[in-house]
Amino acid sequence: MNGDDSLLQTLTKLLVELTRFIDSTIDEDGEPRAAAKQIDFVAGTFDRLTPDQRGSLAQIVQQLAAAEPSAERREFLDTFAEDFGLTDDAE
């Protein structure tokens, strides 16, 4: 793994963890609104990536899920790519 790959892996891990934290603050009624807006912002940013970039991020998230010892975090990671539009609906 070169330096850029290591950086991308680290940044992806941080982004996913922050997103998981924000997502955990939203209750069943969709509150607080600020957290929901941040989740929408992340998803919207991913929408602007190229298909190859989204695929690369999805692959890193899958690797993180495979190595995650926490069942709660692994569950979040397992659905992250689909929930945030990193994979095509057909997959």
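# A salt-bridge network and the helices around it

Glu17, Arg20, Glu72 and Arg73 are linked in a network of salt bridges. A salt bridge here is a side-chain nitrogen of Lys or Arg within 4 Å of a carboxyl oxygen of Asp or Glu. The model is predicted, so local features need pLDDT of at least 70 and side-chain atom pairs count only at pLDDT 80 or more, while totals for chains, interfaces and linings use all residues. Residues are numbered from 1 along each chain as its sequence is written, and side-chain values use heavy atoms, with hydrogens and water left out.

**The whole chain**

Start with the cartoon view. The protein has four helices and zero strands, and from the N terminus on its elements run α-α-α-α. Helices (H or I, at least four residues) and strands (E, at least two) are DSSP runs, numbered from the N terminus.

Next, colour by accessibility. Of the 91 residues, 25% count as buried. Buried means under 20% relative accessible area, exposed means over 50%, and partly exposed is in between (1.4 Å probe, protein chains only). Among contacts between residues at least 6 apart in sequence, 53% join residues at least 24 apart; contact means heavy atoms within 4.5 Å.

**The salt bridges, one by one**

The count of salt bridges comes to three. Select Glu17 and Arg20 to begin. The closest N and O atoms of this pair are 2.8 Å apart. Both residues sit in helix 1 (residues 3-24), and because they are three residues apart, about one helical turn separates them. Arg20 is buried, with a relative accessible area of 14%, whereas Glu17 is partly exposed at 30%.

Arg73 has 34% relative accessibility and so counts as partly exposed.

Glu72 lies in helix 4 and Arg20 in helix 1, so the pair ties together parts that are 52 residues apart in sequence. Glu72 counts as exposed, at 55% relative accessibility.

**Thr19 in helix 1**

Select Thr19, which also lies in helix 1. Is Thr19 buried or exposed? Its relative accessible area is 2%, so Thr19 is buried. Leaving out residues up to four places away in sequence, Thr19 touches Ile39, Val42, Phe76, Phe80 and Phe84.

Move to Ala35, which is placed in helix 2 (residues 33-47). At 9% relative accessibility, Ala35 counts as buried. Show its neighbours: not counting residues up to four places away in sequence, Ala35 touches Ile22, Thr25 and Ile26.

Ala36 is partly exposed, with a relative accessible area of 21%. Its C-alpha atom is separated by 7.4 Å from that of Asp23, 13 residues away along the chain.

**Helix 3 against helix 4**

Last, select residues 51-67 (helix 3) and residues 71-83 (helix 4). These two helices pack at an angle of about 160°, and their axes are 9 Å apart. Axes are lines fitted to C-alpha atoms, for helices over the stretch in contact, and angles run from 0 to 180 degrees between N-to-C directions. Helix 3 and helix 4 are therefore roughly antiparallel to each other, a label for angles over 145 degrees; under 35 counts as roughly parallel, 65 to 115 as roughly perpendicular and the rest as oblique.

Which residues of helix 3 and helix 4 meet? From helix 3 come Ala58, Val61, Leu64 and Ala65, and from helix 4 come Arg74, Leu77, Asp78, Phe80 and Ala81. The residues of this contact divide into seven nonpolar, no polar and two charged. In this scheme Ala, Val, Leu, Ile, Met, Phe, Trp, Tyr, Cys and Pro count as nonpolar, Asp, Glu, Lys and Arg as charged, and the others, Gly among them, as polar.
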